[in-house]
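Please look over the sequence and the structure shown below before reading on. The report that follows takes up some strands and then some helices.

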Amino acid sequence: MSGPQLDVLILGAGLSGIGAACHLTRRFKDKRYAILEQRNAIGGTWDLFRYPGIRSDSDMSTFGYNFRPWREPKVLADGPSIRKYVSDTAERYGVTPHIRFGRKVQHAAWSTKDACWTVTALNSESGREETYTARFVIAATGYYRYDSGFTPEFPGRERFQGTVVHPQFWPENLQYAGKKVVIIGSGATAITLVPSMAAGGADVTMLQRSPTYVLSVPSIDPLWSRLSRFLPAKAVYAATRARNIGLQRALYTASREKPEVVKRLLHKLTTHQLGGKVDIRHFTPRYNPWDERLCVVPDGDLFRALRKGQAHIVTDTIKTFDETGIQLDSGQHLDADIIVTATGLNLQLFGGATMTIDGAPVEIKEHLAYKGMMINDVPNLLAIFGYTNASWTLKADIVCEHFFRIMAYMDKKKLKMVTPRAKGVRRLDDTVMGSLASGYVRRGADSLPRQGDRAPWTVLNDYLRDATALKLGRVTNPALEYRAR
């Protein structure tokens, strides 16, 4: 073997993959790299999801890349704006020509003898298998399946005479004005769809099995609006980003340490938003804040739609679908022309690709996550996992920076391999997703790497501590084994 074709192979051209490529080009001028993207467009999640009202569920000052400020005052941006931001970033940093679209990665095989990865991918246009070799692989594929969403088995579903839609596969020309729509779910997708479809003329009912914590945030950042009058955009971005990182951390910490206090605060804020028009029990979960992800809505749009009677909310369980809608266990019947199953995702790592190390299969649940970014006993691999309690991109940015510092160190020392080794570390049941107890995490836990009982095998979910360790900390951690061959 004469050597790998590439220095770096990136899997995925979504938010994380494009960010990784940009960090690579900013750090190195001469690295050969390519990006394999299963779909035929840049954007990942933000190109796939096209349902009404799709938007970020994190503020854009922290959701945007740390090297390219988000220059709009919107706190939560719509999907098309985010897609354009990612695409424009790829163009600006010369990344787009390196993307190979329509390539579904099937297998990644590491060879210690050759000190490289061999990745096979199916070309969807030609139907042929292609092979790529690279010194390093960056898995930026996200954590869910793009080709299937999660839908529970609903009794009697085949009897329903109307239209059933999963938000992950929204029909382009779905007409819902004047129709009765039932949206099943209580997460970020459902609370986005309800006010959007109501504004589009639908008679909407949100059906939830259990409530979710929902917090209203301003649609336009008041600090951004004030500072932008006399400060340049870069300074405004830095100020709002620093404030929002602090607020995110403060709310999460308070939720873990004083959950009853945060419960009372959220209860008070929600009661005010509902204005006595809607029963607060629909927004009173059984779990503590941040046991599952806290949902946010701009300018209280969900609450406003409910308060004004433009939409309705029902907390109940489904007995069966029938010809005209949904029969609930309480005896109530919800008439429907359209049922939207906003019931979640199917978790999947590495785009469903399998992995071997010197011919031995890798069972990912048996491995530990090093600093939440690499996998023990798996050489030359960065697996990007963003935050679950803050903006995904905050973590994605700093793990890329740390990994490229590792690569620079290896270049300097003429090293070929870096492998995390978890010697004497006890594997815990906690996954790399931390304490998040969302349904998709519980369902997909067997496909996630675990945490260990000590650093650097624990996931902090704390940007300030992570940023210090990853941006400034040494790359010669005792848990990292470097080899020249």
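## Strands and helix packing

Strands β4 and β5 form a hairpin with four residues between them, and in its turn A115 has a positive phi of about 55°. The model described here is a predicted one, so that every value below is computed from predicted coordinates.

Strand β4 covers residues 103–111 and is joined to β5 by eight bridges, the two strands running antiparallel.

The hairpin of β5 and β6 has five residues between the strands, and G127 takes a positive phi near 75° in it.

How many of the eight residues of strand β5 are buried? Six of them are, and β5, which spans residues 116–123, is therefore largely enclosed by the rest of the structure.

| Helix pair | Angle between axes | Distance between axes |
|---|---|---|
| α10 (residues 392–413) and α12 (residues 463–472) | about 20° | 8 Å |
| α1 (residues 15–27) and α10 | about 40° | 10 Å |

With an angle of about 20° between them, α10 is roughly parallel to α12. Helix α10 passes α12 in a left-handed crossing. On the α10 side the residues that meet α12 are L394, K395, I398, V399, E401, H402 and R405, while α12 brings Y463, D466, A467, A469, L470, K471 and L472 to the contact. By type, the residues of this contact of α10 with α12 divide into eight nonpolar, one polar and five charged.

Helix α1, by contrast, passes α10 in a right-handed crossing. From α1 the contact takes in L15, S16, A20, H23, L24 and R27, and from α10 it takes in W392, T393, A396, D397, C400, E401, F404, R405, M407 and A408. The residues of the contact of α1 with α10 comprise nine nonpolar, three polar and four charged. Read together, the two lists show that E401 and R405 of α10 take part in the contact with α12 and also in the contact with α1.

Methods:
Residues numbered from 1 in each chain as written. Predicted model: local features only at pLDDT ≥ 70, side-chain atom pairs only at ≥ 80, totals over all residues. Heavy atoms only, no water. Axes fitted to C-alpha atoms, helices over the stretch in contact; angles between N-to-C directions. Parallel < 35°, antiparallel > 145°, perpendicular 65-115°, else oblique. Left-handed = near helix turned anticlockwise from the far one by under 90°. Contact = heavy atoms within 4.5 Å. Nonpolar A, V, L, I, M, F, W, Y, C, P; charged D, E, K, R; others polar. Buried < 20%, exposed > 50% of the residue type's maximum accessible area, 1.4 Å probe, protein only. Pairing = 2+ DSSP bridges.
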